[in-house]
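Student: I am new to this structure and would like to go through it step by step. May we begin once it is displayed?

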Amino acid sequence: QRDVLLSEIEELRARVSNGQKAEIQVKEFNQRLQQLEEEFNQRLQQLEEEKSTIIKENENLQTMLESAQVQRDGMKSTLQEHALVMQEQSEKLQHVVSQRDVLLGEVDDLKSRVSKKLNTELLKEEFHQRVQQLEDEKLTIVKEKENLKEQLENVKSQ
């Protein structure tokens with residue numbers, strides 16, 4: 001019986017030892033599980049914070065994009081308005097240039113007329129001066145003739 005009791009005691013020791021080992025393994029497993037849960041929760045918290053940061057950055061970028069689109073649309077509108085104004089000014093300028101060309105033609109025509117008129121007046125003036133000069137010469141010649149006649153009569157009378 002003693003052997004049977006010893007063998008039962010050994011068997012019970014083995015069971016207790018196996019139970020303690022299993023209990024220790026369960027504790028270690030639970031500790032490891034708790035450690036992994038903490039690491040998981042920390043990583044999850046970190047990812048949530050990164051997600052929140054990315055969402056905020058995305059919202060900021062979206063706001064900036066919308067602002068840039070509004071500015072682009074404003075600039076496009078302004079550019080179209082300026083293009084229209086430039087086209088209108090170009091048409092006005094072409095009209096002014098056309099009028100200027102017509103006026104320059106008229107000025108050239110007037111210059112030509114004035115030049116002809118001046119030439120005519122100058123010719124008239126020269127003609128009148130020449131006529132006056134010829135009349136003066138005629139008068140001088142007539143006086144000389146009379147002087148000569150007088151001298152001739154004086155000579156005849158002597």
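Student: Is Ile-9 buried, partly exposed or exposed?

Tutor: This is a predicted model, and Ile-9 is found in helix α1, residues 2-157. Buried means under 20% relative accessible area and exposed over 50%. Because the relative accessible area of Ile-9 is 39%, this residue counts as partly exposed.

Student: Which residues make a nonpolar surface patch of about 260 Å²?

Tutor: Ile-9, at a relative accessible area of 39%, is partly exposed. The patch is made by Ile-9 together with Leu-5 and Leu-6.

Student: What radius of gyration does the chain have?

Tutor: The chain contains one helix and zero strands. Its C-alpha trace spans about 220 × 30 × 15 Å along the principal axes. A compact globule of 158 residues would have a radius near 15 Å, whereas the chain has 65 Å.

Student: What percentage of the residues of the chain count as buried?

Tutor: The chain exposes about 15,300 Å², of which carbon and sulfur atoms supply 55%. A residue counts as buried under 20% relative accessible area. Of the 158 residues, the share that counts as buried is 0%.

Student: Which residue forms a salt bridge with Arg-113?

Tutor: A search of the whole structure finds three salt bridges. With the closest N and O atoms 3.1 Å apart, the partner of Arg-113 is Asp-109.

Methods: Residues are numbered from 1 along each chain as its sequence is written. This is a predicted model: local features need pLDDT of at least 70, side-chain atom pairs count only at pLDDT 80 or more; totals for chains, interfaces and linings use all residues. Side-chain values use heavy atoms; hydrogens and water are left out. Helices (H or I, at least four residues) and strands (E, at least two) are DSSP runs, numbered from the N terminus. The radius of gyration is taken over C-alpha atoms; the globule rule is 2.2 Å times the number of residues to the power 0.38. Buried means under 20% relative accessible area, exposed over 50%, partly exposed in between (1.4 Å probe, protein chains only). Accessible areas come from the Shrake-Rupley method with a 1.4 Å probe; for residues, only the protein chains shown count as cover. Patches are made of residues with over 30% relative accessible area and no salt bridge: like charges are joined within 9 Å, nonpolar side chains (Val, Leu, Ile, Met, Phe, Trp, Tyr) within 5 Å. A salt bridge is a side-chain nitrogen of Lys or Arg within 4 Å of a carboxyl oxygen of Asp or Glu.
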